[in-house]
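Me: Hi! Could you walk me through this structure before I set anything up?

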Amino acid sequence: MKYFLCIILALPFTAGAQLVKNTVKTDSLNGRPVYYYLNLEDVGSIAKSFYSGQLGIGDNEETKGIIDSIFTDNEETLPFFLYNFNRLLAIADKTTVEDAGTEAKDFILKNPCFFFKSLQDAHFYITIKTWVQPIGYTIGTKKALDAWVAQVEPALLANCKQYLADWNDFKTQLAKEIS
């Protein structure tokens, strides 16, 4: 009977857990006003709801959709999806952030120039610290870090050398996260 009462008393505290919502808005992304993205048909209602703070993140399909959206091939919507993904990394609990580590790592591998360009744009609110924790968790070892760096660095050297200082800072902080 004692156990039954404990379970009943605990229910109100666990059943109503609130999902974390985005509270940071921006006025423009990639040189366009944010309302431009909010009016695009290719930006779905889940992405718009998360941006506006109406949708919380957690272990659900909507959160997975926000994470997966950064792999769009649509260059027009990519800035908005990157903004949302970055906000997700900034506010999510540790489990969600760690789950998003592979996507963060793969996004930089696929779009290194765009990522580092966005890092320098204050409207994205991207910080290196926000990204190194989930990527470090995913990479896990110095050997795996070296392999990932060997994949990313040639694209930066060939296409966007202007971001090498940020890349070097990113690598340094990532190595600290792993060690």
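Me: Great. What kind of model is it, and what are the ground rules?

Reply: This is a predicted model, where local features need pLDDT of at least 70, side-chain atom pairs count only at pLDDT 80 or more, and totals for chains, interfaces and linings use all residues. Residues are numbered from 1 along each chain as its sequence is written, and side-chain values use heavy atoms, with hydrogens and water left out.

Me: How many helices and strands are in the protein chain?

Reply: The protein chain has 11 helices and four strands. Both are DSSP runs numbered from the N terminus: H or I with at least four residues for helices, E with at least two for strands.

Me: And how much of the protein chain counts as buried?

Reply: Of its 179 residues, 42% are buried. Buried means under 20% relative accessible area, exposed means over 50%, and partly exposed is in between, with a 1.4 Å probe and protein chains only. The protein chain exposes about 9,900 Å², and carbon and sulfur atoms supply 56% of that area. The areas come from the Shrake-Rupley method with a 1.4 Å probe; for residues, only the protein chains shown count as cover.

Me: What about contacts in the protein chain between residues 24 or more positions apart?

Reply: They account for 72% of the contacts with a separation of 6 or more. A contact means heavy atoms within 4.5 Å.

Me: Nice. Let's look at helix 11: which of its residues are buried?

Reply: Asp166, Trp167, Phe170, Leu174 and Ile178 are buried in helix 11. They sit on the same side of the helix, because they cover an arc of only 105 degrees around the axis. That arc is taken from the directions from the helix axis to the C-beta atoms. As background, an α-helix has 3.6 residues a turn, so residues three or four places apart point the same way.

Me: What is exposed on the other side of helix 11, and what do the buried residues pack against?

Reply: Ala165 and Lys176 are exposed on the other side. The buried residues of helix 11 pack against helix 7 (101–110), helix 8 (112–119), helix 9 (128–139) and helix 10 (142–159).

Me: How does the span of helix 11 come out?

Reply: It agrees with expectation: the 15 residues of helix 11 (residues 164–178) should span 21 Å, and the end C-alpha atoms are 21 Å apart. The expected span is 1.5 Å times one less than the number of residues.

Me: Switching topic: which cysteines does the disulfide join?

Reply: Cys113 is joined to Cys160, S to S 2.0 Å, and the structure holds one disulfide. The criterion is a pair of cysteine sulfur atoms within 2.5 Å. The link connects distant parts of the chain, with Cys113 in helix 8 and Cys160 in the loop between helix 10 and helix 11, 47 residues apart.

Me: Is the disulfide of Cys113 and Cys160 left-handed or right-handed?

Reply: Left-handed, because the torsion about the S-S bond of Cys113 and Cys160 is about -80 degrees. Cys113 is partly exposed at 21% relative accessibility, whereas Cys160 is buried at 2%.

Me: How many aromatic pairs are there?

Reply: The count comes to 17 aromatic pairs. Rings of Phe, Tyr and Trp (its six-membered ring) pair if their centres lie within 6.5 Å; planes under 30 degrees apart count as stacked, over 60 as edge-to-face and the rest as tilted. Tyr37 and Phe80 are a stacked pair, 6.1 Å centre to centre with 20 degrees between the planes. Tyr37 lies in helix 2 (residues 34–38) and Phe80 in helix 5 (residues 78–91), 43 residues apart.

Me: How do the rings of Tyr51 and Phe80 sit?

Reply: The planes of Tyr51 and Phe80 are at 50 degrees and the centres 5.5 Å apart, so the pair is tilted. Ring pairs also link Phe85, Phe107, Phe115, Phe116, Trp131, Trp148, Trp167 and Phe170 into a cluster.

Me: Last one: what is the phi of Asn30?

Reply: Asn30 has a positive phi of about 55 degrees, although it is not a glycine. Asn30 is in the loop between strand 2 (28–29) and strand 3 (32–33). Tyr125, in the loop between helix 8 and helix 9, also has a positive phi, near 60 degrees.
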